Amino acid sequence: MAYEQLRLDNQVCFRLYTAARLIVQSYQPFLSGLGITYTQYLALMALWEKSPLKVSEISSKLKLESNTMTPLVKRMEALGLVKREKGKEDGRETIVSLTAKGKELEKEAANVPSCLTGRLHSCGIQDETLIALVPYLDELISKLEKGNKE
């Protein structure tokens with residue numbers, strides 16, 4: 001190899017990408033039983049915290065572009081989980097709120113975090129490791145967001 005710095009083993013980004021992909025993959029068995037994807041689960045968690053929300057607010061919370069959110073919300077509406085309305089003050093805004101079905105799904109999803117933790121424990125990953133990761137990941141996210149805005 002001509003450039004040692006291009007080896008996959010030397011890439012932090014590859015480790016983060018792989019870990020993220022494997023975590024999302026670990027959620028799949030639990031979420032497929034609910035009939036939702038991981039990204040829909042994230043959007044629903046934002047709405048379970050507060051509903052209604054503007055699409056732009058959901059995008060901001062999930063750190064996704066609005067052009068990613070719009071089709072996601074449309075698919076969730078087709079599943080009967082949310083409803084979309086135009087903003088009363090600004091017709092360009094789309095307001096998303098939970099339907100009764102979306103609210104009911106919260107009860108079914110309540111065990112997903114503990115199921116995932118159980119799966120991680122079965123792989124030998126301890127709570128202490130996960131708890132220790134959080135501040136490092138938060139710092140990385142914060143600094144990257146700040147750096148990308150400059």
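**Entry 1: strand pairing**

I looked up how E2 is joined to strand E3, residues 94-98, in this predicted model. The two strands run antiparallel, and 5 bridges join them. On this side of E3, I found Lys 83 opposite Ser 97. I then turned to E1, which is joined to E3 by 2 bridges and also runs antiparallel to it. Here Lys 54 stands opposite Ile 95 of E3.

**Entry 2: the sheet as a whole**

I noted the strand order as E1-E3-E2, in an open sheet of 3 strands with antiparallel pairing. Strand E1 (53-54) and strand E2 (82-86) each have a single partner strand and stand at the edges, so one side of each lacks a neighbour in the sheet. I also checked what packs on the sheet: H2 touches E1, E2 and E3. The direction of H2 makes about 80° with that of E3.

**Entry 3: burial of E3**

I asked how many residues of E3 are buried. The count is 5 of the 5, so E3 is largely enclosed by the rest of the structure. I recorded the side-chain directions as well: Thr 94, Val 96 and Leu 98 point one way, while Ile 95 and Ser 97 point the other way. Residues on both faces of the strand are buried.

**Entry 4: the largest pocket**

I recorded about 1500 Å³ of space in the largest pocket. Its lining holds 38 residues, and those closest to the centre are Ala 20, Ile 23, Tyr 38, Leu 137 and Ile 141. I listed the elements that give two or more residues to this lining: helix H1 (12-32), helix H2 (38-49), helix H3 (55-62), helix H6 (112-122) and helix H7 (127-149). H7 provides the largest share, 11 residues. By class, I found 25 nonpolar, 5 polar and 8 charged residues in the lining.

I recorded about 180 Å³ of space in the second largest pocket. Its lining consists of Lys 54, Val 55, Ser 56, Ser 66, Thr 70, Val 73, Arg 84, Arg 92, Glu 93 and Thr 94. H3 and helix H4 (66-78) are the elements that give two or more residues to this lining. I asked which element gives the most. It is H4, with 3 residues. The lining divides into 2 nonpolar, 4 polar and 4 charged residues.

Conventions: Residues numbered from 1 in each chain as written. Predicted model: local features only at pLDDT ≥ 70, side-chain atom pairs only at ≥ 80, totals over all residues. Heavy atoms only, no water. 1 Å grid on protein atoms, 1.4 Å probe; cavity = no way out; pocket = protein on both sides within 12 Å on 5 of 7 lines; lining within 4 Å. Points joined across faces, edges and corners; volume = space filled by probe spheres on them. Helix = DSSP H or I, 4+ residues; strand = E, 2+ residues; numbered from the N terminus. Nonpolar A, V, L, I, M, F, W, Y, C, P; charged D, E, K, R; others polar. Pairing = 2+ DSSP bridges. Contact = heavy atoms within 4.5 Å. Axes fitted to C-alpha atoms, helices over the stretch in contact; angles between N-to-C directions. Buried < 20%, exposed > 50% of the residue type's maximum accessible area, 1.4 Å probe, protein only.
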